[in-house]
Amino acid sequence: MNLVVVSNRVARGAANEPMTGGLAAALLPVVEKSGAIWVGSSGRVRDGAQKEPFAEIEALGAGALAMLDLPAAHYGGYYEGFANSALWPALHSRTDLIRASQEDYLSYREVNAFMARALLRFQKPDTAFWIQDYHFLALGSELRDRGVTQPIGFFLHTPWPAHSTIEGVPHHRELVEAMLAYDLIGFQTRDDCENFLDYISSDLALEIDDGVITSRHGTTRAAVFPIGIDAEKFALQAAKAMSHPDVSRLRRSLNGEKLAIGVDRLDYSKGLVNRIKAFDQMWSLHPALARTVSLLQIATPSRGAIEAYGNLQSELAKLVSDVNGRHGEVDWTPIRYLNKGFSQTVLSGLYRTAQVGVVTPLHDGMNLVAKEYVAAQNPADPGVLVLSKFAGAANELDTALLVNPHDIDGMARTIATALYMPLTERRMRWEAMMAKLSAGSIQRWFADFVDALQETHADKTATEMPERPTLWPLRSANRGGARYH
Ligand SMILES: O=P(O)(O)OC[C@H]1O[C@H](O[C@H]2O[C@H](CO)[C@@H](O)[C@H](O)[C@H]2O)[C@H](O)[C@@H](O)[C@@H]1O
Ligand SMILES: O=c1ccn([C@@H]2O[C@H](COP(=O)(O)OP(=O)(O)O)[C@@H](O)[C@H]2O)c(=O)[nH]1
């Protein structure tokens, strides 16, 4: 099989560069090994690109990376517009932040159609396409309109909310109908998958049988594939990173003080404001923790051209400075707040240095930082993860200290509990989480999805062509790998 993976953002192979976002960070090592072609945006735009898609192609492990210049006239309306100002807020249950114009929607559809045209050059008889994320909800349908009959799968990295929330997205019906051109649609969690199926029955009134939807496109399977990390590799990297100059400098600066760490894109879905308020509350309620524990918060700038992100950046800067002003001392800064990116190598050492990892999104598809924090810990003296129950990762990391990110007092109490937790309990909780991370690796996620896509397409082709039964692959017995809904 010749696999073509498509996403808006792609990652280049530089291990010492910061990765922007979990999708690119997660996909890089597995796509590299698989020999697939990974197609995405180059981050550049080009006038007249619609007529002639331009791709810069470079080797990526056994495969290749193809980076496309997207059409200049539509890029803003597609990326900052419909994808990140209409779909993203809705998918994260922030309908109050939806800003959508008809022009942005048309640009979004144009870029989906442009990507479909660009992909045709990578199509071979044995090609399977695997499309990633909400930037390309309509790409499968655009490919089918251009005669593609090969397997096309889709994976959503974000949550899929309640159907009434999706109804806040202009053209929601048209978009979800277009999604049914995919053979297989993967979600991070069972709740996301159930919400999607609920939309299908309530808004589209389509028949669903055991996760399989029947529509004018034929059948589409919806299933759950929680994304993972390579925990063993991350653990080795973290142990080595302790001698990295940035990590050594941090350790020296602590003077025996405990450290909590947060690492997030500067995004309203990540619950940063509530987190800072929880630390403020904790230092107010437990004065003994002032000077003995500080927070290192890395908030990497993200989607800065969008108003809601600019507003959040100002709000956070003011809040952090206010909290530091009230609790700080001449020789102690409560919150070390950094608006820049770090390589995963450095991050792994920073995670291992911190006694508490704080991951408190209001909604998050998975949250790989939570998984990376756990994997980076010293097995003999592991730190404690404080994790929002609204992150997809909470399904697997259920022995973390789970919190409600809307309950500031509760979070303050839980962070204090984490700081005082005895070693035996820390080890017990950490070992249970590590076992889950090893079982649900990124390699497993990739293989499960690709196997399920091939199987689903083969089954579908067999049922849709009953007159030629012997020419089509037989359905195999339970493949065990894919966690179908
Ligand atoms: O590409 P950007 O606009 O800079 O945004 C970065 C990525 O953010 C989102 O990541 C999601 O995928 C992670 C991996 O599955 C998951 O852990 C996290 O919960 C999601 O938020 C977005 O979905 C990606 O498309 C972006 O590339
Ligand atoms: O300075 C940074 C901040 C984050 N990351 C990486 O970005 C990803 C963030 O993924 P997550 O799923 O937590 O959230 P997303 O940003 O995708 O919503 C993780 O792999 C981090 O290691 C990074 O390499 N450098």
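This is a predicted model: local features need pLDDT of at least 70, side-chain atom pairs count only at pLDDT 80 or more; totals for chains, interfaces and linings use all residues.

Colleague: Good. What domains does the protein have?

Modeller: The assignment gives domain 1, made of 2-227 + 443-484, and domain 2, made of 231-439.

Colleague: And how far apart are the C-alpha centres of domain 1 and domain 2?

Modeller: Those centres are 31 Å apart. Domain 1 puts 24 residues into the contact and domain 2 puts in 20, where contact means that C-beta atoms, placed from the backbone, lie within 7 Å.

Colleague: Which elements give two or more residues to the side of domain 1 that touches domain 2?

Modeller: That would be α1 and α2. Helices (H or I, at least four residues) and strands (E, at least two) are DSSP runs, numbered from the N terminus. By class, this side of domain 1 has nine nonpolar, twelve polar and three charged residues. Here Ala, Val, Leu, Ile, Met, Phe, Trp, Tyr, Cys and Pro count as nonpolar, Asp, Glu, Lys and Arg as charged, and the others, Gly among them, as polar.

Colleague: On to the ligands. Which residues come nearest to ligand 1?

Modeller: There are 18 residues around ligand 1, and Gly21, Gly22, His157, Gly365 and Met366 come nearest. A residue counts as near if its C-beta atom, placed from the backbone, lies within 6 Å of the molecule. The element that gives the most to this shell is α1, with four residues.

Colleague: Which domains does the shell around ligand 1 draw on?

Modeller: Domain 1 and domain 2 each supply at least three residues to it. By class, the shell around ligand 1 has six nonpolar, eight polar and four charged residues.

Colleague: What about ligand 2, which residues come nearest there?

Modeller: Met19, Gly22, Ala25, Gly341 and Leu368, out of 19 residues around ligand 2. The elements giving two or more residues to that shell are α1 (22-34), β11 (258-265), β12 (293-300), α12 (344-353) and α13 (368-375). The shell around ligand 2 has eleven nonpolar, six polar and two charged residues, and at least three come from each of domain 1 and domain 2.

Colleague: Back to α1. At what angle do α1 and α16 cross?

Modeller: Roughly 60 degrees, with the axes of α1 and α16 (residues 442-464) coming within 10 Å. Axes are lines fitted to C-alpha atoms, for helices over the stretch in contact, and angles run from 0 to 180 degrees between N-to-C directions. The two helices are therefore oblique to each other; under 35 degrees counts as roughly parallel, over 145 as roughly antiparallel, 65 to 115 as roughly perpendicular and the rest as oblique.

Colleague: Which residues of α1 and α16 make the contact?

Modeller: Ala26, Pro29, Val30 and Ser34 of α1 meet Ile442, Gln443 and Phe446 of α16. Five of these residues are nonpolar, two are polar and none is charged.

Colleague: Last one: how do α2 and α3 pack?

Modeller: Helix α2 (residues 72-91) and helix α3 (residues 102-119) pack at about 110 degrees, with their axes 7 Å apart. That makes α2 roughly perpendicular to α3. Among the contact residues are His74, Tyr78 and Phe82 of α2 and Glu103, Tyr105 and Tyr108 of α3. The contact divides into seven nonpolar, four polar and three charged residues.

Definitions and conventions. Residues are numbered from 1 along each chain as its sequence is written. Chains are lettered from A and ligands numbered from 1 in the order in which they are written. Domain bounds come from an automatic or database domain assignment. Two residues are in contact if their C-beta atoms, placed from the backbone, lie within 7 Å.
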